[in-house]
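Please read the explanation below alongside the sequence and the coordinates.

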Amino acid sequence: MFWKDEPFEPVPLPVLFLRSPLKTSIKVVHNLLTDLRGPSRPHNPAIVVVCISDTHAQTKAIPEGDVLIHAGDLTNAGTQKDIQHQIDWLNGLPHKFKICIAGNHDTWLDPRSRQRLQKSGFGPETLDWKDVIYLQHSSVSLYFPTHAGRRLEVYGAPQIPACGGPEFAFQYPRGQDAWTETIPKDTDVLVTHTPPIFHRDLPTGRGCEHLLRELWRVKPTLHVFGHIHAGRGQETLFFDGAQSAYERASTRSDGWLHGLLDIVLWLSLARVLFYGVLGFLWSTAWGGRQESTRLVNASLTYRNTGQLRNGAQVVRI
């Protein structure tokens, strides 16, 4: 079967099977067992978090909730005027807390890329964030007196592995570690623009491997991101043997015959099955709890159409 890969577009599952049947089987089995295990049970009363990303200068109806999170790419052109327009829209929404980070298209917010804008893109020296909380390598503590006095520690960071020219904001060279020991250990909700590699990502791995390792260290309750429009959706990352085996298998080279002869892939499949089934029994039959992070790719833009055809993602924590 002939298939030409396109940047930021998904590869059909049959094509993946033809390229590497064993590696793709591991992904399918892992996803199935993870879905069966389901997300962790929310607190009672639950805090309702509404997640959006990649609005690219557009607006749409957003469901109500306690917290609204926008995970970057507010705009397309990245001008100050366009960013302010999106801030004004977010500020008018009814959520008690509204949190936002930048994405690579939000050029004005990064001094390195800002110089690429035409002067017409500049207005006043500063943006008026109003009631919107902007996080850039920073944290905020949210207090919920109506939810048993709970607090959520939220950390936001915009950096992504490089995927474009100098007009894109907050880029670092792919492979460079821009994450290790940067996220506070007490973080409950992590907001980034890039996904962790191999999770709500593309099979080609457009996310960041160093961010994934940082997730294993911090283990936040919720991680919200965007950037990869085609990865839109939710999954649970369990910090166990099945997860580590899946991630190890995902780094192996593609190849039909090569893959079938790869002992690491066969061992990874066995570990995914063993620990995945064990985790399913532990959480369902025995009612046990496991350390996990709910991952949310909140892109509202549908693939590369430029249209906001995806709905907001709602999470109860």
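This is a predicted model: local features need pLDDT of at least 70, side-chain atom pairs count only at pLDDT 80 or more; totals for chains, interfaces and linings use all residues.

Five strands make up an open sheet, arranged in the order E4-E3-E2-E1-E13 with mixed pairing. At its edges lie strand E4 (132-134) and strand E13 (313-316), each of which pairs on one side only. From one strand to the next the twist averages 25°. Within this sheet, E2 and strand E3 (residues 97-100) run parallel and are joined by four bridges. In general, the strands of a sheet pair through backbone hydrogen bonds, in either a parallel or an antiparallel way.

The loop between strand E2 (67-70) and helix H3 (80-91) contains Asn76. What does Asn76 contact, leaving aside its neighbours within four places in sequence? The contacts are His56, Ala57 and His105. His56 is 20 residues from Asn76 in sequence, yet the two C-alpha atoms are 4.8 Å apart. The side chains of Asn76 and His56 also make a polar contact, at 3.1 Å. Asn76 has a relative accessible area of 45%, so it counts as partly exposed.

The charged pairs come next. Side chains of opposite charge can pair when their charged atoms come close. The structure holds seven salt bridges. One of them joins Arg37 to Asp240, with the closest N and O atoms 2.7 Å apart. This pair links distant parts of the chain, 203 residues apart: Arg37 belongs to helix H2 (residues 21-37), and Asp240 to the loop between strand E11 (233-238) and helix H6 (241-250). Are these two residues buried or exposed? Arg37 is buried, because its relative accessible area is 8%, and Asp240 is buried at 16%.

Arg112 and Asp110 form another salt bridge, where the closest N and O atoms are 3.1 Å apart. Arg112 has 52% relative accessibility and therefore counts as exposed, whereas Asp110, at 3%, counts as buried.

A further salt bridge brings together the side chains of Glu181 and Arg217 (3.6 Å, N to O). Here too distant parts of the chain are linked: Glu181 sits in the loop between strand E8 (171-172) and strand E9 (189-192), and Arg217 in helix H5 (residues 209-218), 36 residues apart. Glu181 counts as exposed at 56% relative accessibility, while Arg217 is partly exposed, with a relative accessible area of 23%.

Key. Residues are numbered from 1 along each chain as its sequence is written. Side-chain values use heavy atoms; hydrogens and water are left out. Helices (H or I, at least four residues) and strands (E, at least two) are DSSP runs, numbered from the N terminus. Buried means under 20% relative accessible area, exposed over 50%, partly exposed in between (1.4 Å probe, protein chains only). Contact means heavy atoms within 4.5 Å. A polar contact is a pair of N or O atoms within 3.5 Å; within protein, one must be able to donate a hydrogen and the other to accept it, and residues adjacent in sequence count only if both atoms are side-chain atoms. Two strands pair if DSSP finds at least two bridges between them. Axes are lines fitted to C-alpha atoms, for helices over the stretch in contact, and angles run from 0 to 180 degrees between N-to-C directions. A salt bridge is a side-chain nitrogen of Lys or Arg within 4 Å of a carboxyl oxygen of Asp or Glu.
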